[in-house]
Amino acid sequence: MSIWVVLLIVVAVIGLYVMSLYNTLVRMRNSVKEAWSDIEVQLKRRFDLIPNVLSTVKGYAKYESETLEKIIAARNAAFGKPQNMQEIAKTEGELSGALKSLFALSESYPDLKANTNFLELQRELRDTEDKIQAARRFYNGNVLAFNTKIQQFPANLIAGHFNFTEQPLFELATEEQAARNPVKVEF
């Protein structure tokens, strides 16, 4: 074999490797986008449920307007399409905290606790919160795999050349940081 044939084979193998690596990075980036879309779907579901919960609660909790206003403000802030992941995590944490205070408020109103509409909406919101958590884990798993891939050699050379950039994790908001601390049980 001549040197040119060997050189051509080496160039072809390198070219196929670069193409394969590029396609892998594109597939992983698209998986990250799909995972983010799953989060947005669940957030939209929660946004749609909140007005129903609020209208059910308003009839019972006429004197708790401050809590209801916090929820409305948090929903509007979260629905306002923040620009980056940190803002989204912050507004989602605020909304989750406001909803928790609403459900704690329901303990003060036995009629509300017994209302089947409220119980069903509360169950749907709890289910939605669980789905949001699952979507966040799925998103973070995809982001971790993608970020790891674009940082490893030789993929980092290809990723840098084709402008593949690290994606942010959907991390706990400041309000949710307490979840990282162990629960203290005292008797």
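**View 1. Lys44 and Asp48 pair up through their side chains in a salt bridge (2.8 Å, N to O).** A salt bridge here is a side-chain nitrogen of Lys or Arg within 4 Å of a carboxyl oxygen of Asp or Glu. Both residues sit in helix α1, four residues apart, about one turn of the helix. Helices (H or I, at least four residues) and strands (E, at least two) are DSSP runs, numbered from the N terminus. Lys44 is partly exposed at 40% relative accessibility, and Asp48 is partly exposed too, at 41%. For these labels, buried means under 20% relative accessible area, exposed over 50%, and partly exposed in between (1.4 Å probe, protein chains only). This is a predicted model, where local features need pLDDT of at least 70 and side-chain atom pairs count only at pLDDT 80 or more, while totals for chains, interfaces and linings use all residues. Residues are numbered from 1 along each chain as its sequence is written, and side-chain values use heavy atoms, with hydrogens and water left out.

**View 2. Arg45 and Asp127 form a salt bridge between their side chains (3.4 Å, N to O).** This pair links distant parts of the chain, with Arg45 in helix α1 and Asp127 in helix α5, 82 residues apart. Arg45 has a relative accessible area of 25%, so it counts as partly exposed, and Asp127 is partly exposed as well, at 26%.

**View 3. Arg46 and Glu129 make a salt bridge of 2.6 Å, N to O.** Again the pair links distant parts of the chain: Arg46 belongs to helix α1 and Glu129 to helix α5, 83 residues apart. The structure holds four salt bridges.

**View 4. The largest nonpolar core has 29 residues, and Ile39 and Tyr139 have the most contacts inside it.** Helices α1, α3 (85–105), α5 (116–151) and α6 (155–161) each supply at least two of its residues. The largest share, 13 residues, comes from α1. A nonpolar core is a set of buried Ala, Val, Leu, Ile, Met, Phe, Trp, Tyr and Cys residues joined through side-chain atoms within 4.5 Å.

**View 5. Gln151 in helix α5 makes a side-chain polar contact with the side chain of Glu166 (2.8 Å).** A polar contact is a pair of N or O atoms within 3.5 Å; within protein, one must be able to donate a hydrogen and the other to accept it, and residues adjacent in sequence count only if both atoms are side-chain atoms. Leaving aside residues up to four places away in sequence, Gln151 touches Asn156 and Glu166, where contact means heavy atoms within 4.5 Å. The C-alpha atoms of Gln151 and Thr165, 14 residues apart along the chain, are separated by 9.5 Å. Gln151 is partly exposed, at 47% relative accessible area.

**View 6. The peptide bond from Phe153 to Pro154 is cis, with omega near 0°.** Pro154 is in the loop between α5 and α6. Asn163 has a positive phi of about 60° although it is not a glycine, and at 61% relative accessibility it counts as exposed.
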